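Hi everyone, thanks for coming.

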Amino acid sequence: MFDNLSQRLQLAMKKLRGEARLTEQNISEALREVRMALLEADVALPVVKAFIDDVRARAVGKEVLASLSPGQAVIKVVYDALVALMGESNDRLQLAARPPAVILLAGLQGSGKTTTAAKLARFLRERERRSVLVASADVYRPAAIDQLRVLAGTVGATFFPSTAQQKPVDIARAAVEQAGKSGIDVVIIDTAGRLHVDREMMDEIQAIHAAVDPVETLFVVDSMTGQDAVNTAQSFNDALPLSGVILTKADGDARGGAALSVRRVTGKPIKFLGVGEKTEALEPFHPDRMASRILGMGDVLSLVEQAQQTVDQEQARKLAQKITKGKGFDLEDFRDQLRQMEKMGGIASLMDKLPGAGEIPEAAKAQMDDRQTRRLIAIINSMTPQERRFPDIIRGSRKRRIAAGSGVHVQEINRMLKQFGEMQKMMKRLGKGGLGKMMRSMRGKLPGVPF
Amino acid sequence: MGLFNKTTRAKTDDAGNSVGFLGRLSDRLAATRRGLGQRLATLIRGHSAVDADLAEDIEALLLGADVGIEATRDIIGRITRAQARTPDEFYAELRAALLAIIAPCAQPLTISSDIRPYVIMVAGVNGAGKTTTIGKLAHRLRSEGHSVMLAAGDTFRAAAVEQLQTWGERNGVPVMAQSTGADAAAVAHDAMQAATARAVDVLIIDTAGRLHTQTGLMDELRKIKRVIGRFDANAPHEVLLVLDAGIGQNALAQLAHFDSAVGVTGLCLTKLDGTAKGGILFAMAEKHAIPIRFIGVGEGIDDLRVFDAAQFVDAILPQPE
């Protein structure tokens with residue numbers, strides 16, 4: 001989501017790369033670019049100013065002057081400043097209270113509280129093995145309670161029934177009471193969206209907070225939020241003792257400036273990112289990793305973690321063996337790769353985390369959508385095991401059969417086989433030259449090649 | 001006009017009060033004005049001369065209101081070229097510049113009586129306020145004497161159908177719906193059939209919220225439009241993009257993507273009753289002269305206003321007394 005910011009920063013830094021010395025003047029030039037990039041990324045103006053000052057102060061320090069490569073030094077400085085701004089490390093939920101631990105969600109209308117409540121319930125159930133009860137205190141939006149009831153069913157959380165005729169405070173209190181009786185670990189209370197300038201509604205959420213005494217009070221904010229993020233975050237922070245922030249809709253192309261603004265204004269850690277519509281699309285937020293993502297240094301750590309969670313280790317080991325031998329990468333392996341990629345959230349999610357991915361043109365990225373992946377899998381599924389092992393035998397009539405079986409044109413079979421040929425070559429090179437070399441050779445060919 | 005006591009919840013002051021339309025709009029935008037307008041006025045009066053300092057301060061304020069770098073530079077450029085000599089002149093030029101950018105976009109939605117049903121397809125990202133806008137729009141059209149039908153095309157989000165049905169009950173208009181998970185295009189198809197058979201004046205089709213970067217979902221939106229077009233080649237007659245006023249420069253990307261997918265014909269900017277909002281309209285107007293149909297200024301059923309450029313600029317930068 002930080003694509004554009006990352007591109008701009010990289011561009012700004014590139015100008016410095018050739019410089020032998022870091023002068024007052026060329027720092028300023030780079031910082032102007034940084035300022036523009038941040039403003040275009042919707043980082044709030046006061047935050048931009050503070051950030052630039054911070055970078056400038058760090059840049060003219062000794063560490064830079066002592067460095068051999070000014071360009072690298074500045075990237076390091078910007079990176080450090082970003083990490084400092086966003087918090088040092090991932091802050092986990094603090095649920096070590098006497099059960100039930102209460103989590104209260106608050107935010108503007110349409111920021112994604114109800115969806116987040118469901119995602120959080122699923123996360124706590126699956127990753128932390130906690131029993132979860134969800135309750136909706138949104139008596140205003142039509143069918144808001146219904147929405148949570150349905151979502152609770154899909155994520156396997158207990159739903160506390162409430163009606164639009166009840167008072168929000170009563171709902172919250174009763175939900176916690178019920179959870180206490182039935183020995184449930186965590187209660188998540190979803191609330192109505194409210195404007196921070198709406199005194200009456202802000203009083204209401206304060207009353208809810210006072211009634212249930214939550215261990216976590218989380219501010220849910222849309223990552224596409226503009227400059228107003230500072231005002232809303234400030235108001236919510238003043239009204240409630242926030243313990244953290246959840247940034248939603250981070251899977252779009254929002255430049256994510258809100259993340260920096262909210263963090264700066266509230267001083268509260270961003271704990272999670274919402275990265276999709278499905279209930280599993282919630283990721284713990286890692287400031288240091290996000291900083292390197294912004295700068296285009298990639299987020300290989302997250303990628304590795306994700307891989308460990310989803311990838312079949314045995315399969316991966318076999319493939320690695322094949323590749324290091326430099327041969328034998330067949331269509332079966334290709335299909336396994338495609339499937340694993342799907343499991344890891346699709347191409348777009350992977351590309352976000354790869355180093356250098358920011359330099360891939362937008363047009364090329366657009367072609368790499370996940371439908372393509374599914375189509376390739378369908379094509380391979382329509383082949384016989386022999387064809388998968390020895391793709392060279394696929395000629396005219398086999399192609400027609402495969403095309404009919406997978407519902408595509410013969411041209412697509414041809415294109416796919418050609419891509420596969422390229423991949424085989426690349427795999428051979430990978431066996432000899434390592435990953436870095438492969439990344440470089442891929443760059444020109446990316447459109448169409450599925451990873 | 002009670003500009004500074006806007007603390008009551010929108011719902012409570014819905015019922016016909018005598019403040020008048022402009023007063024009420026102005027009232028609802030009070031927060032915006034406090035954010036931008038008042039600070040600007042103070043700022044301009046605080047400067048004794050028109051200089052680089054003044055321009056820089058104004059640039060900061062415009063940027064801080066989501067006007068965006070490009071539009072801000074354009075606005076500053078226009079005022080500088082006009083060579084205002086006093087801060088007051090500067091202020092007048094600023095108003096003129098803002099109006100010049102936004103005026104071409106003030107094109108209200110007109111429902112042609114020759115077309116029946118007049119089809120409005122509503123699209124936008126998640127949480128922009130589509131369903132609420134449809135509820136308010138249905139109310140407005142009903143009170144103008146049109147018969148209205150709603151189609152629950154958001155078959156993805158849990159309870160979205162129920163949400164629209166509630167709005168249908170409130171307005172006394174029929175809602176065509178299938179269950180959650182149904183094909184949205186099929187819902188649109190059935191609704192087109194029903195609307196034609198019952199000869200309703202206006203059919204409003206809701207769609208699921210989708211981020212504009214999700215190609216698959218944007219294709220689905222294309223399909224819905226295609227299906228509607230089978231009944232009437234000119235339908236949907238209006239593709240209304242709903243945008244949250246709180247979003248920043250991403251609004252430009254949303255507009256571009258939705259437009260290339262389904263051809264946006266009008267905008268509705270929601271949630272304008274918060275703080276320091278509305279600047280994004282200038283950033284958009286600067287790039288695309290797209291009709292801005294409505295603005296949402298509160299949670300009440302009456303809080304959907306026809307967009308009027310002069311009123312909007314007046315509400316943000318009041319004329320000096």
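Let's begin with A:Phe272, which is buried, with a relative accessible area of 3%. Keep in mind that this is a predicted model. What about A:Phe123, buried or exposed? At 11% relative accessibility, A:Phe123 counts as buried too, because the cut-off for buried is under 20%.

Over all chains, the count comes to 5 aromatic pairs. In one of them, the ring centres of A:Phe123 and A:Phe272 are 5.0 Å apart and the planes meet at 75°, so we call the pair edge-to-face; the cut-off for that label is over 60 degrees. And where do the two residues sit? A:Phe123 is in helix H6 (residues 113–127) of chain A, while A:Phe272 is in strand E7 (residues 270–274) of chain A, so the pair ties together parts that are 149 residues apart in sequence.

Now over to chain B. Here the rings of B:Phe282 and B:Phe312 have centres 6.2 Å apart, with their planes at 40°, so this pair is tilted. B:Phe282 comes from helix H11 (residues 279–287) of chain B and B:Phe312 from helix H12 (residues 309–316) of chain B, which makes this a link between distant parts of the chain, 30 residues apart. Both B:Phe282 and B:Phe312 are buried.

Which ring does the charged end of B:Arg170 sit over? That would be the ring of B:Trp167, with the charged end 4.7 Å from the ring's centre.

Thanks, and I'm happy to chat.

Technical notes
Residues are numbered from 1 along each chain as its sequence is written. Chains are lettered from A and ligands numbered from 1 in the order in which they are written. This is a predicted model: local features need pLDDT of at least 70, side-chain atom pairs count only at pLDDT 80 or more; totals for chains, interfaces and linings use all residues. Side-chain values use heavy atoms; hydrogens and water are left out. Rings of Phe, Tyr and Trp (its six-membered ring) pair if their centres lie within 6.5 Å; planes under 30 degrees apart count as stacked, over 60 as edge-to-face and the rest as tilted. Helices (H or I, at least four residues) and strands (E, at least two) are DSSP runs, numbered from the N terminus. Buried means under 20% relative accessible area, exposed over 50%, partly exposed in between (1.4 Å probe, protein chains only). A charge sits over a ring if NZ of Lys or CZ of Arg is within 6 Å of the ring centre and within 35 degrees of the ring normal.
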